[in-house]
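Q: Can you walk me through this one? I'd like to go through the sheet and then one of the helices.

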Amino acid sequence: MGLDNVAVQWPRTGRFYDPVAPAEFVDFGELAESVDVESPTAALAGYIAKTGSVRATAYTELVDLLLGLDGVLYATEAAAEDEDPVIDPDGCAWIAGGLERFVAGHRDRGEVVTFDTVAEVLRATLAEGRLAEQQLRWLEQRLDALRDDSGAAPQWRFPRSELAVLGQFYRRCADRGFAVYADS
């Protein structure tokens, strides 16, 4: 069992959220059918085009690290308050913005996103900000927490374009006023 992030109508009317018709994401299918697109990127874009959702399990640790919170794609903050696990349109814009900035910041490090390149991008970004020393210590703690008991890093390997498509899904939801229901 995994986590799906499903685009839903916002606000909820009635007892349940109504899924957004996949037709709202049909243009993602064009990307999926392009011949020069990496296969993981095409697979994600095709799934979004067919279902109006993202199988988010593979991205949860990465998105949590990039945005500095836990359970972002699970919408756990809402669930902890006895609310439905939903990311509202503003939350979708925040997720999209974080992914978009990361994808742009990773451009100089190539097309393959790994644990090490994520750490490089985040270190460079935090070193430029206020309270850089404190934020860099926080980052190192987060990175260490992601390592297993033997000290091995997560085996992330995403095409940069795949993360761009992921960001586009949340941007589409934000721009059209959709929410995302975290279905696990």
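Q: Which residue stands opposite Val180 in strand 6?
A: Ile87 does. Strands here are DSSP E runs of at least two residues and helices are H or I runs of at least four, both numbered from the N terminus.

Q: Experimental or predicted?
A: This is a predicted model, where local features need pLDDT of at least 70, side-chain atom pairs count only at pLDDT 80 or more, and totals for chains, interfaces and linings use all residues. Residues are numbered from 1 along each chain as its sequence is written, and side-chain values use heavy atoms, with hydrogens and water left out.

Q: ok. What's the strand order in the sheet?
A: The order is 2-1-6-3, in an open sheet of four strands with antiparallel pairing. Strand 2 (53-55) and strand 3 (86-87) are the edge strands, each pairing on one side only.

Q: How many bridges between strand 1 and strand 6?
A: Six, in the antiparallel sense, between residues 4-9 and residues 178-183. Within strand 6, Ala182 has Asn5 opposite, and Tyr181 has Val6 opposite.

Q: Which strands does helix 8 touch?
A: Helix 8 (residues 160-175) packs on the sheet and touches strand 1, strand 2 and strand 6, contact being heavy atoms within 4.5 Å. Its direction makes about 125° with that of strand 6. Angles run from 0 to 180 degrees between N-to-C directions, and axes are lines fitted to C-alpha atoms, for helices over the stretch in contact.

Q: And helix 5, where does it lie?
A: Across strand 3 and strand 6, at about 80° to strand 6.

Q: Switching to helix 6. How does helix 5 pack on it?
A: The angle is about 100°, with the axes 10 Å apart. The two helices are therefore roughly perpendicular, a label for angles of 65 to 115 degrees.

Q: Which residues meet there?
A: Phe102, Gly105 and His106 from helix 5 meet Thr117, Val118 and Val121 from helix 6. By class, that contact has three nonpolar, three polar and no charged residues; Gly is counted as polar.

Q: What else is buried in helix 6?
A: The buried residues are Phe115, Thr117, Val118, Ala119, Val121, Leu122 and Leu126, buried being under 20% relative accessible area with a 1.4 Å probe, protein chains only. Their cover includes helix 3 (60-67), helix 5 (89-106), strand 4 (112-113) and helix 7 (132-146).

Notes: Buried < 20%, exposed > 50% of the residue type's maximum accessible area, 1.4 Å probe, protein only. Parallel < 35°, antiparallel > 145°, perpendicular 65-115°, else oblique. Pairing = 2+ DSSP bridges.
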